[in-house]
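Q: Hi! I'm new to this one, could you walk me through it?

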Amino acid sequence: MDQAIFQLINERWTSPGLDLFMAAMSDLEIWKPLLIGVAVYALVFGGFKGRAFIFCLVVTLVVSEQLLVRTLKSAIDRRRPKQTQPVRMVQLERTSPAFLTLFRESKIRTSDETDHTKSGPSFPSGHVTDNVIIATMCALFFRRWGWLYFIVAAAVGYSRIYLGAHWPSDVVATAFMAAGVTLLMVALL
């Protein structure tokens, strides 16, 4: 089932527009200025709620990345799709500033032997962990509009499958794990 869903998303449900969108969703360098701007805005103009949100978010992201994701990746050591079989991969052209890559044509290629050692294990997904943590925090702190970030988190999760970086089960399991960790950390903090 995992293999069949992966092949549908990675090989069949593709288009040039989706190639660019999915690659952009997974590229942190494109979004870093916006995320930093939002964090600074929350710290300066968000009052106590904004500062508490940023504090809880940073602590949860650090704990999850340093303890949970790294530990599980090394303990489970599940191979990525691109490490086990040829998969369709989308590469963005590197530009400075990073967002200019959105105006360039992306390159499509098939993974090969060189991709087997370029990245670590597949489970859990760091991209999905971070975005589900942000989405859950937004929903907890900013109930009215905060839940909308789950749309971004879902797009990032889908993009990880689309780009051949993760199996569908990695994305789903990571999302549940990240939501649970976030609720636990907020309760503790």
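A: Happy to! One term to start with: a residue counts as buried when its relative accessible area is under 20%. Also, keep in mind that this is a predicted model.

Q: How many residues does α9 have, and how far does it reach?
A: α9 has 21 residues and spans 30 Å from first C-alpha to last, close to the 30 Å expected at 1.5 Å a residue.

Q: Switching topic: which residues touch the most other members of the largest nonpolar core?
A: That core has 33 residues, and F53, L57, M137, F141, Y162 and L163 have the most contacts with other members. Elements that each supply at least two of its residues include α1, α4, β1 and α9.

Q: Which helix gives the most to this core?
A: α6 does, with 8 residues.

Q: What is L163 in contact with, leaving aside neighbours within four places in sequence?
A: N10, M22, A23, S26, R88, M89 and V90.

Q: Back to α6: how does it sit relative to α8?
A: Their axes come within 8 Å and cross at roughly 170°. Angles over 145 degrees count as roughly antiparallel, so that is what α6 is to α8.

Q: Which residues meet there?
A: From α6, they include H127, V128 and N131, and from α8, Y149, F150 and R160 are among them. The residues of this contact divide into 11 nonpolar, 4 polar and 1 charged.

How values were computed. Residues numbered from 1 in each chain as written. Predicted model: local features only at pLDDT ≥ 70, side-chain atom pairs only at ≥ 80, totals over all residues. Heavy atoms only, no water. Core = buried A, V, L, I, M, F, W, Y, C linked by side-chain atoms within 4.5 Å. Buried < 20%, exposed > 50% of the residue type's maximum accessible area, 1.4 Å probe, protein only. Helix = DSSP H or I, 4+ residues; strand = E, 2+ residues; numbered from the N terminus. Contact = heavy atoms within 4.5 Å. Axes fitted to C-alpha atoms, helices over the stretch in contact; angles between N-to-C directions. Parallel < 35°, antiparallel > 145°, perpendicular 65-115°, else oblique. Nonpolar A, V, L, I, M, F, W, Y, C, P; charged D, E, K, R; others polar. Expected span 1.5 Å × (residues − 1).
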